Amino acid sequence: MALAFLAPALVLLGALVVYPIFFSAVRSLFDRGGDSFVGLANYGDMLSSPRTRTAIRNNVIWVVVAPTIATGLGLVYAVLAERVRWQTAFKVAVFMPMAISGLATGVIFRLVYEDDPDRGLANAVLTTVADVFSSAGGYAGARPSQPDLLGAEGEAYVSTATFAPGDTARLGLLALRPSEVPDDAELATVPAAGDDTLAGVVWLDFTRGGGGEAGAVDASEQGLPGVVVEILGATGVVATATTADDGTFAVDGLDPGAYRLRLAESNFRPPWDGVRWLSPTLVTPAVIAAWLWIWVGFAMIVIGAGLSAIPRDVLEAARVDGAGEWQVFRQVTAPLLLPVLLVVLVTLVINVLKIFDLVLVIPPGSVQDDANVIALEMWRVSFGGGRNQGLGSALSVLLFLLVLPAMAFNIKRFRSER
Amino acid sequence: MTGQTLAGKAPGAPGTGTRLARLVARGPLHVVLVLVALFWLLPSVGLLVSSFRSAPDNAAGGWWQVLSAPAQLTVDSYQALLEDPGMVDAFWNTVLITVPATVGVVIIGALAAYAFAWVDFPGRDWAFVGVVGLLVVPVQVALIPVADLYGRIGIFGQISGVVAFHIAFGLPFAIFLLRNFFAGIPRELLEAARIDGAGEIRIFFRVVLPIGLPAIASLSIFQFLWVWNDLLVALVFAGADATPLTVAIREQTRQFGANIDVIAPGAFLSLVVPLLVFFAFQRYFVQGLLAGAEK
């Protein structure tokens, strides 16, 4: 009777799960086509080939880093979410990605990680935040219209001539696209200098359609606002001015004498354009971040259930005894939660050992080798063009051996629960 | 009520003043949680919006530009996708793989779980420990052997092979989850049915399955999501005629930038179905998670 109920499951499990384990173990001792016995040579290849070594090294990084962060974040989110009324909405937002495939997540994060801050969300956010704190000038690539008046000094430009109070400097720049001129720029004007005022104008010395004269402020030419002009005396910078919307600047109260003018390096500093997420060094952390996006929700939900299973009166008793919230957490909640944390951690370690689709989809072809992991390499070697099923079997046996401790943990936990 | 116990309300009456103070103190907490929630939502929103923009628009700038230029939104990509026979076939292949693989694992798993829970047979406990052990076997270990096996019996590349593989690897979790649930059914209920003269099969269908529905719901959702979202098994076992959506989209991702108008709507199409399932059956999904989803 029992056999009738069990037969379909036993046949499928036997043929497609159990028998393959033994088949793979044997197959890993044969060559790529399966014709001749090669002993442990495939395992030797596995440990010596740079590609598989990178894969193994990356898997170690994954196993050490990803489950720990996911469990930690899951714990923090679960504890914090309990304290707000909209905790359900919060939890749904965080664990919704669990329903999304690795492939779709990969596509989502390929978009997030685009290099160009105008297209990739991650760099868009980073550069926007950075812009608030840094002073990128916005005139990257501009150069003087009269090189004999303004000479290069590093990234900055310094006047070759000197100016005295009462003089007016005309500092023309070129090589800016119209889109690089700020919207608030007005037509350039030449300021009148007072007796003890050194004045000047920085402008785009270029008349669209031609006809302008180099070094002259022609009728349709625009001033360049926000340019930092440093006044250099004998001892260095004695004053600093910033140009107005029409490109003019003026400095009062200078001692009589000869000064040179410098357009500061910061004017020409290109704006920071973010992080190369999918470069060889950062690609593994970037893929791990995408994985966290999926799995932190899992940790949060399971840990959250563990939290709510802690008897309220135990917590209340600790509080009545005068323990603060942090003490209650450390001395009551955390120890009671430990078994749950362990289960979450082990589950995630198993999951991470088998990580495949995110690593296949997120890294562009050129950095795939740098992001490689065992499960991906196993597929690449055996089916994705490698056609070396001997080495592929060795890699799959390695994966199997790596999950054995988790299997033992599960069985032990299961038997102790009975 | 929960908020107050958790806030550590001291015995005694808190006035509105303390409540207000607490709300202010909690301000940063709300801000942090809102930021975290945004962090989790924005990437998906990005995909959704990108899928409603043209390829040139996507190449020219990020999806957030629609905030200032809503006219960019268009359903052209979806129209093209639905007129692409390859993609439509792939969608149906996904359905044809997922539905039988889910139904199959429920039926076969429930039968076995019933035997493990209520039928005495020699070696039962050991066999069940074996099932627990199989929970974590990585599919990689079976890819080469099963490809070889399928080649010999002639189903390599066919949908039936993909389905059988998914059922087999879904079974340990199915049996584990359902047995634990079935074991909780009161013995008297089964005894009463036996006294009424019902056979094991009748008991299974009339008593055990109806009571086990919540667990079956959890299992179905998991298996559905797992199979629908699978890429690896399909990459290996699904031939050109059996290609599911995930594999079809993956083909396109090799030329990511150039094919974004296919990839973005395709990926969204592939995730909207599991997302609907997730929202409709969230409760069972969570129950399944807590019952020990250790795949």
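**View 1. Val237(A) in S7(A) is the bridge partner of Leu232(A).** The model is a predicted one, in which local features need pLDDT of at least 70, side-chain atom pairs count only at pLDDT 80 or more, and totals for chains, interfaces and linings use all residues. Residues are numbered from 1 along each chain as its sequence is written, while chains are lettered from A and ligands numbered from 1 in the order in which they are written. Strand S6 (residues 228-233) and strand S7 (residues 236-242) of chain A pair in the antiparallel sense over six bridges; two strands pair if DSSP finds at least two bridges between them. Helices (H or I, at least four residues) and strands (E, at least two) are DSSP runs, numbered from the N terminus. S6(A) and S7(A) form a hairpin, with two residues between them.

**View 2. S6(A) also pairs with strand S9 (residues 260-263) of chain A, in the antiparallel sense.** Four bridges join S6(A) and S9(A). For Glu230(A), the bridge partner in S9(A) is Arg262(A).

**View 3. Chain B is assigned domain 1 (13-74) and domain 2 (79-290).** These bounds come from an automatic or database domain assignment. The C-alpha centres of the two domains of chain B are 34 Å apart.

**View 4. Eight residues of domain 1 of chain B are in contact with seven residues of domain 2 of chain B.** Contact requires C-beta atoms, placed from the backbone, to lie within 7 Å. On the side of domain 1 that touches domain 2, helix H2 (16-51) and helix H3 (55-60) of chain B each supply at least two residues. H2(B) gives the most to this side, with four residues.

Methods. Two residues are in contact if their C-beta atoms, placed from the backbone, lie within 7 Å.
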